[in-house]
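Okay, thanks for coming, everyone. Let me put the model up and we'll talk through a few side chains.

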Amino acid sequence: RHEESMKRHAESMKRHEELSSILDNVNEELVKDGFMKKNAEKIDFKIDNTGLYIDGKKQSQEVYSKYGSLMKNKDEKPINYTYKKDGANVQVMVKD
């Protein structure tokens, strides 16, 4: 029973590391493309199957395609990601 628990924990940690790497890459691209400032106090970013939204504004299909290609797990399935920050309040939702 302990071995099963340890195996599940290891799988969970691996998944977390994979997602963290993807999200770090996306955040770097958002800064590089000028959609957000590094260490910004206020951020509102959402990507799902309906589009890419930054500060509540739907972005172009071209921008959505770029970030959609970055937001895939190791099985090439899309990852839905919402990141909202307002000062010290941070909300992160990830669904893959």
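So, is Lys32 buried or exposed? Lys32 is exposed, with a relative accessible area of 63%; exposed here is over 50%, buried is under 20% and partly exposed is in between, using a 1.4 Å probe on protein chains only.

Quick housekeeping: this is a predicted model, where local features need pLDDT of at least 70, side-chain atom pairs count only at pLDDT 80 or more, and totals for chains, interfaces and linings use all residues. Residues are numbered from 1 along each chain as its sequence is written, and side-chain values use heavy atoms, with hydrogens and water left out.

Back to Lys32: its side chain meets Glu29 in a salt bridge, 3.0 Å from N to O. By salt bridge I mean a side-chain nitrogen of Lys or Arg within 4 Å of a carboxyl oxygen of Asp or Glu. Glu29 counts as buried, at 14% relative accessibility. Helices, by the way, are DSSP runs of H or I with at least four residues, strands are E runs of at least two, and both are numbered from the N terminus.

Next pair: Lys66 and Asp33, with closest N and O atoms 2.6 Å apart, form another salt bridge. Lys66 sits in helix H2 (residues 61–70) and Asp33 in the loop between H1 and strand S1 (42–48), so this pair ties together parts 33 residues apart in sequence.

Then there's Asp48 with Lys46, a salt bridge at 3.4 Å, N to O. As for shared partners, salt bridges join Glu29, Lys32, Asp33 and Lys66 into one network.
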